[in-house]
Amino acid sequence: MSAGSKTSNRLANAEWRPGAGLHALRTRAAMLADIRRYFARVGVLEVETPLACSTAGTDPALQPMLARFRGPIFPDGTDLYLQTSPEFAMKRLLAAGSGPIYQICKAFRDGEAGRLHNPEFSILEWYRPGYGVARLIEEVTTLVRLALADSAIPVEQHSYADLFQTRLGLDVFAATAEDLRAVALRHTILGAEGMTLDRDGWLDLLLSYFIQPDLGRDGLCFLTDYPASQAALARLNPDGRTAARFELFLHGIELANGFHELVDGEEQAARFEADNCRRRSLGRPGIRIDGRLLGAMRHGLPDCAGVAVGLDRLLMARLGADDIDAVLSFSLQRC
């Protein structure tokens, strides 16, 4: 039998059934309908933006997937990034006067697959002009309770620094990379002795091992006031040491990431450049910077807060599923 015939037989015999059962598919449809009804009721406009763009986010922790386009406008071809989030295009709409907006769409991240990850996933993202972190957290709580069909699920909130102090006895503002490495080694994190990480890398490692697993054990848990070095696209708080950023966890799993958005185009340009420098230091390619977003910010991005919510993980929580495959029609291994 030829190699081609063997491949054809293997593909023909591959599992063709969806990972998600009919109940999961119906629950997803009901959850999305509830979300859309909520935003219609409170006057937030649903929008669509491109998922394949000439630029992408520069966050060193995320790697966009690439597609190649050949045709009119680009006869020699051009690379397009599949977006890790619809954020940049949505901010351009905000600068153009859209008012409050939301989007339900797919997003893509290279190198992410497993029990909690699929390279193509569903995201809900929305922006509220005039909101800060506190007011947005209230709305996230309302919407997540609606999506989980649990209006009584309890909510707690902790600052990043307080949890590091309470759980590990660490002052995250004073600790050096070597101090953080010493804690990791003392707690015998597997492989830590061979790791070469910067300060934020060690903080992420300690968070994922010793803090995150307990977040949201009994309900929704908001982690707020990340260090300024982890501001991403958030503005800094008045103390200058922390960012106006929060994440939401349930049963130790991250569900949402939100910011009081940075509106200073020059500061954003500097952060993009710093991100690309860090990417190159890690041996990763730089990302083409989004000059259109910077132009929109310089024109005038309204004061606003925004958040992205992982819909597949939210559905997992609602159904009590422990693998993302159980809530997707066809995850990576079934495509």
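Predicted model: local features only at pLDDT ≥ 70, side-chain atom pairs only at ≥ 80, totals over all residues.
Residues are numbered from 1 along each chain as its sequence is written, and side-chain values use heavy atoms, with hydrogens and water left out.

**Stop 1: strand β8**

Select residues 220-224, which form strand β8. Helices (H or I, at least four residues) and strands (E, at least two) are DSSP runs, numbered from the N terminus. Five of the five residues of β8 are buried, where buried means under 20% relative accessible area, exposed over 50% and partly exposed in between (1.4 Å probe, protein chains only). One side of the strand carries Leu-220, Phe-222 and Thr-224, the other Cys-221 and Leu-223, and both faces are covered.

Two strands pair if DSSP finds at least two bridges between them. Strand β7 (residues 155-159) runs parallel to β8, with five bridges. Strand β9 (residues 245-250) is antiparallel to β8, with four bridges. Pick Thr-224 to see both partners: Ser-159 stands opposite it, and Phe-246 is its bridge partner in β9.

**Stop 2: the loop from β8 to β9**

Select Tyr-226, in the loop between β8 and β9. Is Tyr-226 buried or exposed? Tyr-226 is buried, at a relative accessible area of 1%. Leaving aside neighbours within four places in sequence, its contacts (heavy atoms within 4.5 Å) include Tyr-160, Arg-241, Arg-245, Phe-246 and Phe-249. For a distance check, draw a line from the C-alpha atom of Tyr-226 to that of Asp-200: the two are separated by 11 Å and lie 26 residues apart along the chain.

Go on to Ala-232, which lies in the loop between β8 and β9. Most residues other than glycine have a negative phi. Ala-232 is not a glycine, yet its phi is positive, about 55°. Its relative accessibility is 34%, so Ala-232 counts as partly exposed.

A further positive phi is found at His-251, with a value near 55°. Select His-251 in the loop between β9 and β10 (253-260); its relative accessible area is 52%, so His-251 is exposed.

**Stop 3: helix α6 and its cover**

Select helix α6, residues 177-186, and show the side chains of Leu-180, Val-183 and Ala-184, which are buried. Why are these three on the same side of α6? They cover an arc of only 100° around the axis, so they share one side; the arc is that of the directions from the helix axis to the C-beta atoms. An α-helix has 3.6 residues a turn, so residues three or four places apart point the same way. Among the elements covering the buried residues of α6 are α5 (160-168) and α7 (199-211). Just after α6, Thr-188 has a positive phi of about 50°.

Axes are lines fitted to C-alpha atoms, for helices over the stretch in contact, and angles run from 0 to 180 degrees between N-to-C directions. The residues in contact include Leu-163, Phe-164 and Arg-167 of α5 and Leu-203, Leu-207 and Phe-210 of α7.

**Stop 4: helices α2 and α4**

Select helix α2 (residues 22-42) and helix α4 (residues 133-148), whose axes come within 9 Å and cross at roughly 145°. From α2 the contact includes Met-31, Ile-35, Tyr-38 and Phe-39, and from α4 it includes Thr-142, Leu-143 and Leu-146.

**Stop 5: a three-stranded sheet**

Select β2, β4 and β3, an open sheet in that order with antiparallel pairing. The edge strands are β2 (52-53) and β3 (65-71), each of which pairs on one side only. β3 is joined to strand β4 (residues 74-82) by six bridges; Arg-68 has Asp-79 as its bridge partner in β4.

**Stop 6: cysteines**

How many disulfides are there? The count is zero, a disulfide being a pair of cysteine sulfur atoms within 2.5 Å. Cys-105 is buried at 11% relative accessible area. Finish at Cys-221 in β8, which counts as buried at 1% relative accessibility.
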